Amino acid sequence: MSAVRIYHNPRCSKSRQALALLEEQGEAFEVVNYIAEPLDNATISDLLVSLGLSARELMRKGEDTYKELNLDNAELSEAQLVQALADYPRLIERPIVVKDNRAIIARPPEKLLELFS
């Protein structure tokens with residue numbers, strides 16, 4: 001398995017730009033299309049630890065699903081929010097790049113270069 005992984009949404013321009021930057025690095029990497037193959041709760045929880053974020057911080061708050069499910073409700077538990085990310089992968093902020101044990105949300109895409117320094 002590659003030491004570098006990108007959680008990629010092919011329909012997202014920032015995600016495509018991050019993928020191109022990774023290709024320029026010349027290092028092998030794995031692409032995970034988390035839209036086609038949604039992540040399970042354990043993988044999302046591991047990513048959250050690597051990112052140093054809560055589930056709510058990883059959510060795309062502008063998505064209609066976020067509003068429709070009232071995910072801004074402060075009474076929702078972390079487990080409920082992780083489940084929402086698993087059930088509705090478009091809610092996941094993207095792209096996420098992981099190198100070894102470090103992870104970053106590559107927005108802007110150039111931010112992923114921090115993992116290579």
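Lys 99 lies in strand E3 of this predicted model. Its relative accessibility is 17%, and because buried means under 20%, Lys 99 counts as buried. Apart from neighbours within four places in sequence, Lys 99 is in contact with Ala 3, Val 4, Glu 27, Leu 115 and Phe 116.

Strand E3 covers residues 96-99 and pairs with strand E4, residues 102-105, in the antiparallel sense over four bridges. Strands of a sheet pair through backbone hydrogen bonds, which may be parallel or antiparallel. Val 97 has Ile 104 of E4 as its bridge partner, and Val 98 has Ala 103 of E4. Two residues stand between the strands of this hairpin, and Asp 100 takes a positive phi near 55° there.

In what order do the four strands of the open sheet run? The order is E2-E1-E3-E4, and the pairing is mixed. E2 and E4 are the edge strands, each pairing on one side only. On average, neighbouring strands of this sheet are turned by 20° against each other, direction ignored.

| Helix | Strands it lies across | Angle |
|---|---|---|
| H1 | E1, E2 and E3 | about 160° to E1 |
| H2 | E1, E3 and E4 | about 90° to E4 |

**Helix H1**

H1 takes in residues 13-25. At 1.5 Å a residue, its 13 residues should span 18 Å, and the end C-alpha atoms are 19 Å apart, which agrees. Ser 15, Ala 18, Leu 19, Leu 21 and Leu 22 of H1 are buried. These residues cover an arc of only 160° around the axis, so they sit on the same side of H1. An α-helix has 3.6 residues a turn, so residues three or four places apart point the same way. Glu 23 and Glu 24, on the other side of H1, are exposed. The buried residues of H1 pack against strand E1 (4-8), strand E2 (30-33) and E3.

**The nonpolar cores**

The largest nonpolar core has 25 residues, and those with the most contacts inside it are Tyr 7, Leu 39, Leu 58, Leu 85 and Ile 96. Two or more residues of this core come from each of helix H2 (41-51), helix H3 (55-58), helix H5 (78-87), E3 and E4. Which element gives the most to this core? That element is H5, with five residues.

Leu 39 is one of the residues with the most contacts inside this core. Leaving aside neighbours within four places in sequence, Leu 39 is in contact with Tyr 7, Val 32, Tyr 34, Ile 44, Leu 47, Ala 86 and Ile 92.

A second, separate core has 11 residues, among them Ile 6, Leu 21, Ile 104 and Leu 115. Leu 21 is buried in H1, Ile 104 is the bridge partner of Val 97, and Leu 115 is in contact with Lys 99.

Definitions and conventions:
Residues numbered from 1 in each chain as written. Predicted model: local features only at pLDDT ≥ 70, side-chain atom pairs only at ≥ 80, totals over all residues. Heavy atoms only, no water. Pairing = 2+ DSSP bridges. Core = buried A, V, L, I, M, F, W, Y, C linked by side-chain atoms within 4.5 Å. Buried < 20%, exposed > 50% of the residue type's maximum accessible area, 1.4 Å probe, protein only. Contact = heavy atoms within 4.5 Å. Expected span 1.5 Å × (residues − 1). Arc of directions from axis to C-beta. Axes fitted to C-alpha atoms, helices over the stretch in contact; angles between N-to-C directions.
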